[in-house]
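Welcome, and please get your viewer ready. We will go from one selection to the next and see what is there.

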Amino acid sequence: MRKNKGKIALSVLIFLTGIILIGSNSYSHSGRTDSNGGHKDNKNKSGLGGYHYHCGGYPAHLHTNGVCPYSSSSSSNKSSTSNSSTSNKKTTTQPSTVAVTEIQINEKVDSIIVGENKKLTATIKPSNATNKNVTWKSSDESIATVSQDGEINAIKSGIVDITATSSNGKTSTIKINIKEAPKVQNSTLIKTSQTQTNTNNVATTDGDDSNDGYAIAGLVILFGALGGAYWYDKKHKK
């Protein structure tokens with residue numbers, strides 16, 4: 001008898017548990033999910049109003065501004081993970097090389113006198129080029145040489161090309177005429193010598209004429225003195 005009562009009590013307990021589970025299920029899913037993924041809650045058992053969402057098993061909730069708080073949280077986590085991954089990629093990316101697009105010799109030199117030196121410079125474009133090295137070269141080093149600093153040394157007369165080359169082969173060239181230094185004409189030296197000689201002769205002649213004048217003046221004074229003495233002596237003797 002006691003065993004039968006125990007079975008009856010167990011059956012009642014199982015029945016009540018089933019009713020509770022059915023009520024709970026009815027509360028969470030009061031009606032089928034519509035095309036928007038939501039549920040009607042006519043008796044407002046959820047306390048969220050007459051309509052709410054579960055979105056695949058989440059607790060009853062509303063979509064404020066049409067956005068599911070659970071899906072947006074998931075998206076945020078994905079976005080954060082994506083941004084973090086992108087950031088990591090950026091930090092590991094190696095900087096790219098900036099190539100030279102143009103090189104230009106700055107000075108405009110048409111000619112140089114033999115024995116003279118002239119310093120040349122060159123501009124690299126773009127200004128942020130990775131390698132700005134410049135190589136200088138002369139087309140004929142017997143006429144003029146150029147150092148790797150761009151300094152030209154004119155050796156003999158002739159025409160020579162001076163070229164500046166960038167690290168990636170861009171070039172700039174100027175043509176220079178190396179000229180002999182102007183020579184002094186012999187006729188000029190002869191004329192100068194003759195002029196100096198004539199000047200010395202004139203100076204000497206002028207000096208002689210001056211001396212002759214002094215001598216004549218002295219003779220006139222002497223003869224005058226003698227004549228005066230003679231006249232004075234003759235007058236007193238009478």
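Start by selecting residues 171-179, strand 11 (strands are DSSP runs of E with at least two residues, numbered from the N terminus). Buried means under 20% relative accessible area, exposed over 50%, and partly exposed in between, with a 1.4 Å probe and protein chains only.

A word on the model: it is predicted, so local features need pLDDT of at least 70 and side-chain atom pairs count only at pLDDT 80 or more, while totals for chains, interfaces and linings use all residues. Residues are numbered from 1 along each chain as its sequence is written, and side-chain values use heavy atoms, leaving out hydrogens and water.

Look for Ile-162 opposite Ile-174. In the hairpin, 4 residues lie between the strands, and Gly-169 takes a positive phi near 95°.

Now select strand 4, residues 111-113, which pairs with strand 11 in the parallel sense over 3 bridges. Here Ile-113 stands opposite Lys-179.

Finally, move to helix 3, residues 186-237, and pick out Leu-226 (helices are DSSP runs of H or I with at least four residues). Leu-226 is exposed, with a relative accessible area of 51%.

Zooming out, the protein chain has 3 helices and 11 strands, and buried residues make up 14% of its 238 residues.

Terms used. Two strands pair if DSSP finds at least two bridges between them.
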